[in-house]
Amino acid sequence: MKRKPQRRVAVIGAGMSLFMRRALETGKELSYYAASQALETAGVRLKEIQAVVMATAPDAFDGVHMKGEWLLDGAGGVRKPYLRAYVGGGSGVFSIISGWTLVASGLFDLVLVVAEEKMSSCQPHPQGAFLTIFDHTIERPLGPNLLWIFSLEQHRYMATYGIRNEDIALVSVKNKRNALDHPVAQVAASLTVKDVLASEVVAWPVHRLMVSPISDGAAAIVLASEDVARRLSDKPIWVQGVGWSLDTSYWGNRDLAYPRYVERAARMAYEMAGISEPRRQIHVAEPYDPFAYKELHHLEGLQLSDKGKAPEDLARGRFERTGELPTCPSGGLMGVGNPIAAAGLMKLCELFWQLRGEAGARQVPGNPERGLAQAWGDLMQVGTVAILGVN
Amino acid sequence: MLEYGWDAGVAISRFLDGLKAGKILGVRCNVCGRTVTPPRAFCELDFKPIDAWVELPDTGTINTYSICYITWDMKPLRKPQIPAVIEIDGTTPRAGFLHLIGGVKGSSVESIRKQLRVGMPVRAVWRKPDQREGAITDILHFEPVRGRRR
């Protein structure tokens, strides 16, 4: 980071649709629903919004070329400066980063950020949308599917540190239970580690209940410059730091046990936010959890656990909603659902509500003042981080 | 439907020619000191052309593996696929590539895990020379090297 940004940016409104296996609404309708709710809670009309950021993941889910442009009407982007933020699964958190750059730079004072995903249209299975991430010459002839890379990474993580699958299954248990308190949740459940490990093995060591579901849904937030935020909101939640980083697409050449790109993204965000002791200064975290092990893997990359020690921290209750560092109090992707780009922005909506004390049954105790959200994507190579705080 | 005629490129074309001849090729960068495979024309870290091509042995180590019971469209597989990241001997540690493990008996997680472990030495099992076509599948799979410990 060459220079710290001069203009402060706040989140002043948030909205979400239900997350579900198959929405009968179109992507535009889901986007409209989340965006209009965010505008309403911010007390802002669309005509006051000066620019719009839209995050949505692979075009292949919808079978629509340039679906960012197609979704524009539902995102409130008509006749406005509009951009699509797209780094695969990292897009949801990258959307607030993109919106933040538009406000922090001084270009705009009010920006609407919308994230949408509708995976259910894709037949016979949306996993097929990811087949083309593999190298066309040296990987695709081997017949790969998306689960391969996650099961390979999880096994490497387990083998490097001697982690058991029981330790990882506990993430599914925690997040699905936390999601019981989220009104939009798709796969909330009260389960035990035994239940998770009794679910079918899809790609060992990954069992079915250690994978987030196929989901449709949308989320949105409103960003404002400092003066505008103070005028419009009694409780603006400030974007204190953002960071992002991408690692090589030669994914087999990386250390799969440790997400170095997440560490780089986190260090950039910590520096911007003036955070020197993240474990003490972050009060609530929403690490990206599309697979159960990823929450633990990411907590280590975020420097919120020692390498290989996140499972122990989880087992002793550190990450429970009432623990020392609540993680995924929303219920995460494992519980609320995983409409890819919308799931990342859902994490920022959760921080907005947690930091304003408006999270209801999900509220973490102790008046948290600072939270972190992180997402990850593409060929396991993207780290996106945003830190929100009450001042 | 569209179809694509991809070019393999300068480096992967030479790698594929090597496979056809029964050889695994890698490249070295003298600035970062890495020897890696699959080969590339330039070092993505130092952003300069690679310095040398090296012929690697067709043996390596299992960095990680998985036992996959589903296809991309979630159809069940009775006989699982065993994808793995293989670190080829002679490359920089943690520089592996994707391939498959074969030569393993049984189809249950328990029976396969008894025969494989991370860190286990493996060797490439090649197609017969007259059946090779200059493709990654000229290596059928890697299989455990029995009786060799490191």
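Me: Hi! How many bridges join strand β4 of chain A to β7(A)?
Reply: Nine bridges join β4 (residues 110-118) to β7(A), and the two run antiparallel. Strands here are DSSP runs of E with at least two residues, helices are runs of H or I with at least four, and both are numbered from the N terminus; two strands pair if DSSP finds at least two bridges between them. This is a predicted model, where local features need pLDDT of at least 70, side-chain atom pairs count only at pLDDT 80 or more, and totals for chains, interfaces and linings use all residues. Residues are numbered from 1 along each chain as its sequence is written, chains are lettered from A and ligands numbered from 1 in the order in which they are written, and side-chain values use heavy atoms, leaving out hydrogens and water.

Me: Which residue in β7(A) is the bridge partner of Val113(A)?
Reply: That is Ile221(A).

Me: And what does β1 of chain A join?
Reply: Strand β1 (residues 9-16) is joined to β7(A) by seven bridges, again antiparallel. Val11(A) stands opposite Leu223(A) there.

Me: Switching to helices, how many residues does α13 of chain A have?
Reply: Helix α13 (residues 340-355) has 16 residues. All 16 of the 16 are buried, so α13(A) is largely enclosed by the rest of the structure.

Me: What follows it, by the way?
Reply: Gly357(A) follows α13(A), with a positive phi near 70°.

Conventions:
Expected span 1.5 Å × (residues − 1). Buried < 20%, exposed > 50% of the residue type's maximum accessible area, 1.4 Å probe, protein only.
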